[in-house]
Amino acid sequence: VVETGLENPHEVLARNALHAAGLVEVAAELLLEYTVDELGLLLLTKLAAVLALLTTALLGLLLGFLGIA
């Protein structure tokens, strides 16, 4: 079987469409990844604040129990 190096126009268009769809998918995945990272940092910040409040409250209870405060 001998095949030519030329392609039919509909094959070229189909390949280009798949390539463009792939680029859109990669761009969407990257945006989602950055959004998830930012949300993770926000949650980590909130967790640190909650742990600081909890530590302060527990320290106050401990000092009150020991009669130091």
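What percentage of the 69 residues in the protein do buried residues make up? I looked this up before anything else, working from a predicted model. Buried residues make up 0% of the 69.

Secondary structure was my next entry. I found one helix and zero strands in the protein. The helix, α1, covers residues 9-66.

I then took the accessible surface, which comes to about 6500 Å² for the protein. Carbon and sulfur atoms account for 75% of that surface.

Next I went through the surface patches. I noted a nonpolar patch of about 710 Å², made by L41, L44, L47, L51, L54, L58 and L61. I checked the place of L58, one of these leucines, and found L58 in helix α1.

I also noted a negative patch, formed by E25, E29, E33, D37 and E38. From this patch I picked D37, which lies in helix α1 as well.

Conventions:
Residues numbered from 1 in each chain as written. Predicted model: local features only at pLDDT ≥ 70, side-chain atom pairs only at ≥ 80, totals over all residues. Heavy atoms only, no water. Patch = residues over 30% accessible without salt bridge, like charges linked within 9 Å, V, L, I, M, F, W, Y side chains within 5 Å. Areas by Shrake-Rupley, 256 points an atom, 1.4 Å probe, with all protein chains shown as cover. Salt bridge = Lys/Arg side-chain N within 4 Å of Asp/Glu carboxyl O. Lys, Arg positive; Asp, Glu negative; His and termini not counted. Charge placed at Lys NZ, Arg CZ, Asp CG, Glu CD. Helix = DSSP H or I, 4+ residues; strand = E, 2+ residues; numbered from the N terminus. Buried < 20%, exposed > 50% of the residue type's maximum accessible area, 1.4 Å probe, protein only.
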